[in-house]
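Here is a briefing on one chain, written for quick reading.

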Amino acid sequence: MFTGDFGGRGVRVLDYEFTARRGPAPVHLIALSLPVGLPRLTVSRDSTLTRVLGNDIELESQAFNDRFRVQADDQRFASAVLQPRLMEWMLQNPDLQWHLAGNALVSWGYGEVPVAEVLARLEAMAGVIDRIPPFVLTDYAVA
């Protein structure tokens, strides 16, 4: 694990390995600090398996709904964050999966992550944060 600063935001990167049925499985997490804590929201790749599991919030963009799975406790919050500008941007960055976890935006992936990919992912994550409407940071801030 290492910590640092990226564009004025705190960053934490963690590589770890867990034991799965098929043996060791490397995973990495990258977290970028948010200015406030926010409710839970997850945007991940959609697949046949995730469609079967249900609990996917549908938004205005069918192209976005076809590509991503959205999970949140508050559908209004999900819609406020994932406004058209951010959904369009996500369609241009389809490999990014992320989760709002308190005061951090967390991205994950499988396998070891090269340093160059960490920097590219941090740029993409900053792109998500920069596209969260300012009213979301005030209206939905949690302690």
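Val-13 lies in strand 2 (helices, H or I, of at least four residues and strands, E, of at least two are DSSP runs, numbered from the N terminus). This is a predicted model: local features need pLDDT of at least 70, side-chain atom pairs count only at pLDDT 80 or more, and totals for chains, interfaces and linings use all residues. Residues are numbered from 1 along each chain as its sequence is written, and side-chain values use heavy atoms, with hydrogens and water left out.

**Val-13**
- Val-13 is buried, at 3% relative accessible area (buried means under 20%, exposed over 50%, partly exposed in between, with a 1.4 Å probe and protein chains only).
- Not counting residues up to four places away in sequence, Val-13 touches Met-1, Phe-2, Leu-29, Ile-30 and Val-118 (contact means heavy atoms within 4.5 Å).
- Val-13 and Ala-141 are 128 residues apart in sequence. Their C-alpha atoms are 24 Å apart in space.

**Val-27**
- Val-27 sits in strand 3, which covers residues 23–45.
- Its relative accessible area is 5%, so Val-27 is buried.
- Beyond neighbours within four places in sequence, Val-27 contacts Leu-14, Asp-15, Tyr-16, Phe-18, Gly-109, Tyr-110 and Gly-111.

**Arg-121**
- Arg-121 belongs to helix 5, residues 115–130.
- Arg-121 is buried, because its relative accessible area is 11%.
- Leaving aside neighbours within four places in sequence, Arg-121 is in contact with His-28, Ile-30, Leu-96, Ser-107, Trp-108 and Gly-109.

**Gln-75**
- Gln-75 is in helix 3.
- Its relative accessibility is 47%, so Gln-75 counts as partly exposed.
- Gln-75 and Leu-41 are 34 residues apart in sequence and 9.3 Å apart in space, C-alpha to C-alpha.

**Nonpolar core**
- The largest nonpolar core has 39 residues (such a core is a set of buried Ala, Val, Leu, Ile, Met, Phe, Trp, Tyr and Cys residues joined through side-chain atoms within 4.5 Å).
- Those with the most contacts inside this core are Leu-41, Phe-64, Val-70, Val-81, Leu-82, Met-90 and Trp-98.
- At least two core residues each come from strand 2 (9–20), strand 3, strand 4 (68–72), helix 3 (75–81), helix 4 (84–92), strand 5 (98–110) and helix 5.
- Helix 5 gives the largest share of this core, seven residues.
- Val-81 is in contact with Leu-41, Leu-86, Trp-98, Ile-132, Pro-133 and Val-136, leaving aside neighbours within four places in sequence.

**Helix 4 against helix 5**
- Helix 4 and helix 5 pack at about 165 degrees, with axes 10 Å apart (axes are lines fitted to C-alpha atoms, for helices over the stretch in contact, and angles run from 0 to 180 degrees between N-to-C directions).
- The two helices are therefore roughly antiparallel (angles under 35 degrees count as roughly parallel, over 145 as roughly antiparallel, 65 to 115 as roughly perpendicular and the rest as oblique).
- Arg-85, Leu-86, Trp-89 and Met-90 in helix 4 meet Ala-124, Gly-127, Val-128 and Asp-130 in helix 5.
- By class, this contact has five nonpolar, one polar and two charged residues (Ala, Val, Leu, Ile, Met, Phe, Trp, Tyr, Cys and Pro count as nonpolar, Asp, Glu, Lys and Arg as charged, and the others, Gly among them, as polar).
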